[in-house]
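Here are some notes for a first look at this model. Please keep the structure open while you read.

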Amino acid sequence: MNGLISKIEATKPFFEKISRNKYLRAIQEGFIAAMPVVLFSSMFLLVAFVPNVFGFFWSKDIEALIMKPYHYSMGIIAVLVSATTAKSLTDSFNRQLEKTNQINHISTMLAAIVGFLLLSCDLVDNAFSKGYLGTTGLIAAFISAFITVNIYYLCTKNNITIRMPEEVPPNIAQTFKNVIPFSLTVFVLFGIDILIRSLLGKHFAQAMIEVLQPLFSAADGYVGIAIIYGAMALFWFVGIHGPSVVEPAVAALMYINVDANLKLFQSGAHATNIVTPGLQMFVATMGGTGATFVVPFMFMWLGKSKQNKAVGRSSFIPTAFGVNEPILFGAPLVLNPVFFIPFVLAPIVNVFLFKGFVDVLGMNGSIHTLPWTTPAPIGLILTTGLDKFAFVLAPLLIILDTLIYYPFFKVYDKQILEKELTEKQYLKENQQDTQTEIDTTVLINETRVLVLCAGGGTSGLLANALNKAAKEYQQPISAAADSYGAHHDILSNFDLVVLAPQVASNYEDIKKETDALHIKLVKTKGAEYIGLTRDPKGSLDFVLKQFQD
């Protein structure tokens, strides 16, 4: 087992490089920026259609009124994502350019939207057709953003622009600077539109959906879902944030499927599409990657080791809400040979069982998108529209995951218990405080700390601990939490950036930004980070030490 893990870990640099790919990162950050729209619109779906389960139906006029905010938000999600993806990719390219010669991200966002409309819409009575403005247009949105930013980059890097006299105000000069790349972008995407329509008789967005349909169908099969969600767990096990590698590749499919399921559900048909955000958040990764929802409870209730009981008690609440880093690094599960099999196996078994319920029993696939912090059993039931089979599946998954993890947990608990009894390590660590006192007079002015993780959940744990200690020890420190990728616009407001373990592989990338702004940067390891979240004074000492070095 150790040999297998060593071989997998040897591939870590390669997959870390993939996770840092600027195009995959742009897709991921584009979705993160648009997530408030997705979550907002889902509330109206719940109000409009959940009552149907109980036999209550709104009148057509009331239903149309309730759904209007949905159509004006989620209904144009591809338009919005074309802009947010272009913004993220623009930021990546700007880090390669001189500070005095940057791409204007507002202009790339506008150009990406125009390009997307060219690729995805027909004009009907002088109005845009709406069929591909939503989730079905996401692939075209990504293509439009990528082409747009690359054209702008080439023009900016090679100074292909309209130069204005120095007397012209900078804001007006910038407008003329954007004319050439904007025009080139529109002409290139217009040319693609003309070519695809002449060859296939349909616009680009529709053609892409039809071309990729076999891949979508394969991804919804047993082999496809095993590869998708097994890979997420496998990457996380060796310390790479799995969703960062896998999710961008299937993001468009997930949102296309959930939209298709909703339409099937509304028409009274069976919602059969499998790969959706709901499947990932509440089935494959229930309680976090590795399907760890049950693990902290096992540590807390079934463990004989004092250490494991303590880890379980401190991690069961965040894990219940999908923030499982405390158990991943606190146990640890990551890179722990004992847990390799259940960590990869449980997500695959979960999605197989879900698909079986859909294919065999007729349960609906996910028709709604909820916040990823919704506790998994509740999220599963709600995303399937309160399907009666979901009430059976949710507890069944908990029982099944318990059975998968239990024998491996018993082996690990026995190991830790023997270690405690023979070396008394746990007792010794709690009796002796070897922590070096840090000079708390090191800071004079207010110090602002930004903690970054993958989704903004784990980073909040450390930011809260640090703010608590700063207040208690009267230190001029304030901490904030955010997700990696959403930090670009706020980075200059901070004096220190702390990277959580799951985004530590991005250290070299963000260091270019922090160095340019003269901001301190530090990355953390798993057990170290979890220890800091549990120890407010320790987190304060950690920050103060960064300014002593």
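**Notes on a predicted model**

1. Start with Ser144, which sits in helix H7 (residues 138-157). The model is a predicted one. Is Ser144 buried or exposed? Its relative accessible area is 0%, so Ser144 counts as buried, the cut-off being under 20%.

2. Now look at what surrounds Ser144. Setting aside neighbours within four places in sequence, Ser144 is in contact with Ala112, Gly115, Phe116, Leu119 and Leu189. With Ala112 there is also a polar pair: a polar atom of the Ser144 side chain lies 2.7 Å from the backbone oxygen of Ala112.

3. The largest nonpolar core has 144 residues. Which of them touch the most other members? They are Tyr229, Phe299, Phe354 and Val449. Helix H12 (residues 242-266) supplies the largest share of this core, 12 residues. Apart from this core lies another, of 13 residues, including Leu452, Phe494, Val497 and Leu521.

4. Leaving out neighbours within four places in sequence, Phe299 is in contact with Asn308, Lys309, Val311 and Gly312, among others. The list also includes Ile327, Ala331, Phe339, Phe409 and Tyr412.

5. Turn to a helix pair. Two packed helices are described by the angle between their axes and the distance between the axes. For helix H11 (residues 222-237) and H12, the axes come within 8 Å. They cross at roughly 160°. Angles over 145 degrees count as roughly antiparallel, so H11 and H12 are roughly antiparallel to each other. The crossing of H11 past H12 is left-handed.

6. Which residues meet where H11 and H12 pack? From H11 come Ile228, Tyr229, Ala231, Met232, Phe235 and Trp236. From H12 come Gly242, Pro243, Val245, Val246, Glu247, Val250 and Met254. Tyr229 was named above as a residue of the largest nonpolar core.

7. Helix H13 (residues 277-284) is mostly covered. How many of its residues are buried? The count is 8 of 8. They are Pro277, Gly278, Leu279, Gln280, Met281, Phe282, Val283 and Ala284.

8. Last, Gly460 in helix H21 (residues 458-472). Its relative accessible area is 15%, under the 20% cut-off, so Gly460 is buried. Gly460 and Phe293 are 167 residues apart along the chain. Their C-alpha atoms are separated by 20 Å.

How values were computed: Residues numbered from 1 in each chain as written. Predicted model: local features only at pLDDT ≥ 70, side-chain atom pairs only at ≥ 80, totals over all residues. Heavy atoms only, no water. Core = buried A, V, L, I, M, F, W, Y, C linked by side-chain atoms within 4.5 Å. Buried < 20%, exposed > 50% of the residue type's maximum accessible area, 1.4 Å probe, protein only. Helix = DSSP H or I, 4+ residues; strand = E, 2+ residues; numbered from the N terminus. Contact = heavy atoms within 4.5 Å. Polar contact = N/O pair within 3.5 Å; in protein donor to acceptor, adjacent residues only side chain to side chain. Axes fitted to C-alpha atoms, helices over the stretch in contact; angles between N-to-C directions. Parallel < 35°, antiparallel > 145°, perpendicular 65-115°, else oblique. Left-handed = near helix turned anticlockwise from the far one by under 90°.
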